[in-house]
Amino acid sequence: MLGIPLGPYLDRADAEARSSFEERAGRLEAAGFTVRRVPFPDDFDRVVRNGW
């Protein structure tokens, strides 16, 4: 199983990178992998600010 974070983590990527990422996730799903979208913690912005 592959977990893909939803929310602010992927939102930081530009449109081209996000599109490429989603396309590859779709290829994995088509190949039989389980791909689950998982909510990312609400405090992600705080983590980034603190450099963790």
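Let's start with E22 and R18, whose side chains meet in a salt bridge at 3.8 Å, N to O. A salt bridge here means a side-chain nitrogen of Lys or Arg within 4 Å of a carboxyl oxygen of Asp or Glu. Side chains of opposite charge can pair when their charged atoms come close. E22 and R18 sit 4 residues apart in helix α2, so about one helical turn separates them. (Helices are DSSP runs of H or I with at least four residues, strands are runs of E with at least two, and both are numbered from the N terminus.)

Both partners are partly exposed: E22 has a relative accessible area of 28%, and R18 has 27%. As for the cut-offs, buried means under 20% relative accessible area, exposed means over 50%, and partly exposed lies in between (1.4 Å probe, protein chains only).

A quick word on the source: this is a predicted model, where local features need pLDDT of at least 70 and side-chain atom pairs count only at pLDDT 80 or more, while totals for chains, interfaces and linings use all residues. Residues are numbered from 1 along each chain as its sequence is written, and side-chain values use heavy atoms, with hydrogens and water left out.

## More charged pairs

The whole structure has 6 salt bridges. One of them joins E29 to R37, with the closest N and O atoms 3.7 Å apart. E29 is partly exposed at 35% relative accessibility, and R37 is partly exposed too, at 31%. Step back and you'll find D11, R18, E22, E29 and R37 linked in a network of salt bridges.

E23 and R24 also pair up through their side chains, at 3.4 Å, N to O. E23 counts as partly exposed with 34%, and R24 does as well with 48%.

## The whole chain

Now for the big picture: the chain has 3 helices and 2 strands, in the order β-α-α-β-α along the sequence. Its radius of gyration is 13 Å, well over the 10 Å that the globule rule gives for 52 residues, so the chain is more spread out than a compact globule. (That radius is taken over C-alpha atoms, and the rule is 2.2 Å times the number of residues to the power 0.38.)

The C-alpha atoms fill a box of roughly 40 × 25 × 15 Å along the principal axes. How much of the chain is buried? Buried residues make up 12% of the 52.
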